[in-house]
Amino acid sequence: AAACRKELCGQFKKLAKLSRLKLVGLVPSVVGLERILEHMQNGERDKDFAVVDLGTKALRVHFFRKGIYDITRTMEPGCEEIEQIRLGDKNKMQELGIEVEEEKIKLDELDMDAEDAFWTTQSEEAIDRHLQDRYQSIAVQVMRVLNFYSFNNADNTIDTLYYCGGGARYQALISELAETVEIPVKSI
C-alpha cells in the first residue's frame, strides 16, 4: 500500500495533461523500479536486486528481495557537488579552495569572434583530483551499504548493481563504482 497527498496527485494529473499523456497510475518510484527489473529479467521473481539511484541531492540504494521491494538506504549528499564542479560554479570552486583564475583566449582557429574561458592547467588538475576523490567516496559508500546488506542477508542473490539517476551520465563515476563494488554494474 502507498499513500500521498491529494494535491500531489492533482499536480501529477495536471502535468500529464499538459504533456498530453494519459496518466494510468501513480506508484512510488521503487515500485516503478520493481516493474522495470521484472521486465529486464523476463518475469523471473526469485532474484534479488540492488539499484543505486545517483541523484542530485542524495544517493539511494534500493534493495529488492525475490523481485519485491525490501528496503532503501539513503546517503547524502548526492551528485550535486559533481554537477557544480563540472559546470564551473565559481562559488563551489572557491569553497573547495580551487583557484578560479581564468585565462581568456580568442578562438581564431574556429573563426569565432567570441572569447572563451578555460581553467588554468593547475586548476584543471585540482578539479580532476577533487572529482576523482568524490567519485571514490561515492563508490565506497555504495560498497559499504552493499556489504552491510549482504552481511544482514547472507542468503541474498545480488550479482549485479543496477544504476540510474542524474549521476549516471558521469562515466568516470560509473567506472569507479564498478571497480569498487567488484560486481557487474549496469544501467537500468
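Reader: How many of the 13 residues of α1 are buried?

Author: A residue is called buried under 20% relative accessible area, exposed over 50%, and partly exposed in between, with a 1.4 Å probe and protein chains only. In α1 (6-18), one of the 13 residues is buried, and the helix is hardly covered. Helices (H or I, at least four residues) and strands (E, at least two) are DSSP runs numbered from the N terminus. The model is predicted: local features need pLDDT of at least 70, side-chain atom pairs count only at pLDDT 80 or more, and totals for chains, interfaces and linings use all residues. Residues are numbered from 1 along each chain as its sequence is written, and side-chain values use heavy atoms, with hydrogens and water left out.

Reader: How far apart are the end C-alpha atoms of α1?

Author: The expected span of a helix is 1.5 Å times one less than its number of residues. For the 13 residues of α1 this gives 18 Å, and the end C-alpha atoms are 18 Å apart, which agrees.

Reader: Which residue just after α1 takes a positive phi?

Author: Most residues other than glycine have a negative phi, and most peptide bonds are trans. Just after α1, Arg 20 has a positive phi of about 60 degrees. Arg 20 belongs to the loop between α1 and α2 (29-40), and with 81% relative accessibility it counts as exposed.

Reader: Where is Lys 66 found, and what is its phi?

Author: Lys 66 is part of the loop between β2 (59-65) and β3. Its phi is near 55 degrees, again a positive value in a residue other than glycine. Lys 66 is exposed, its relative accessible area being 52%.

Reader: Is the peptide bond from Glu 76 to Pro 77 cis or trans?

Author: That bond is cis, with omega near -5 degrees. Pro 77 is placed in the loop between β3 and α3 (80-86).

Reader: How many helices and strands does the protein have?

Author: The protein contains six helices and seven strands. Along the sequence they follow the pattern α-α-β-β-β-α-α-β-β-α-β-α-β. Of its 188 residues, 34% count as buried.

Reader: What is the order of the strands in the open sheet?

Author: Two strands pair if DSSP finds at least two bridges between them. The open sheet has five strands in the order β3-β2-β1-β6-β7, with mixed pairing. The edges are taken by β3 and β7 (185-187); each has a single partner strand, so one side of each lacks a neighbour in the sheet. On average, neighbouring strands of this sheet are turned by 25 degrees against each other, direction ignored. For such angles, axes are lines fitted to C-alpha atoms, for helices over the stretch in contact, and the range is 0 to 180 degrees between N-to-C directions.

Reader: How many residues of β1 are buried?

Author: In strand β1 (residues 49-54), five of the six residues are buried, so the rest of the structure largely encloses it.

Reader: In which sense do β1 and β2 pair?

Author: The pairing of β1 with β2 is antiparallel and runs over six bridges. A hairpin of four residues joins the two strands, and Phe 49 has Phe 64 in β2 as its bridge partner. With β6 (residues 161-164), by contrast, β1 pairs in the parallel sense over four bridges; there Ala 50 stands opposite Leu 161. The strands β2 and β3 run antiparallel, joined by seven bridges, with Arg 65 opposite Ile 68 in β3.

Reader: Which residues line the largest pocket?

Author: On a 1 Å grid over the protein atoms alone, a pocket is an open set of points with protein on both sides within 12 Å along at least five of seven lines, whereas a cavity is a set where a 1.4 Å probe fits but cannot get out; lining residues have an atom within 4 Å of a point. Grid points are joined across faces, edges and corners, and the volume is the space filled by probe spheres set on them. The largest pocket holds about 210 Å³. Its lining consists of Ala 2, Ala 3, Cys 4, Leu 8, Phe 12, Leu 26, Val 27 and Pro 28. Ala, Val, Leu, Ile, Met, Phe, Trp, Tyr, Cys and Pro count as nonpolar, Asp, Glu, Lys and Arg as charged, and the others, Gly among them, as polar. By this division the lining has eight nonpolar residues, no polar and no charged ones.

Reader: What is the volume of the second largest pocket?

Author: The second largest pocket has about 170 Å³. Residues of its lining include Phe 63, Asp 70, Arg 73 and Tyr 149. The elements β3 (68-75) and α5 (121-152) each give two or more residues to this lining, which divides into five nonpolar, three polar and two charged residues.
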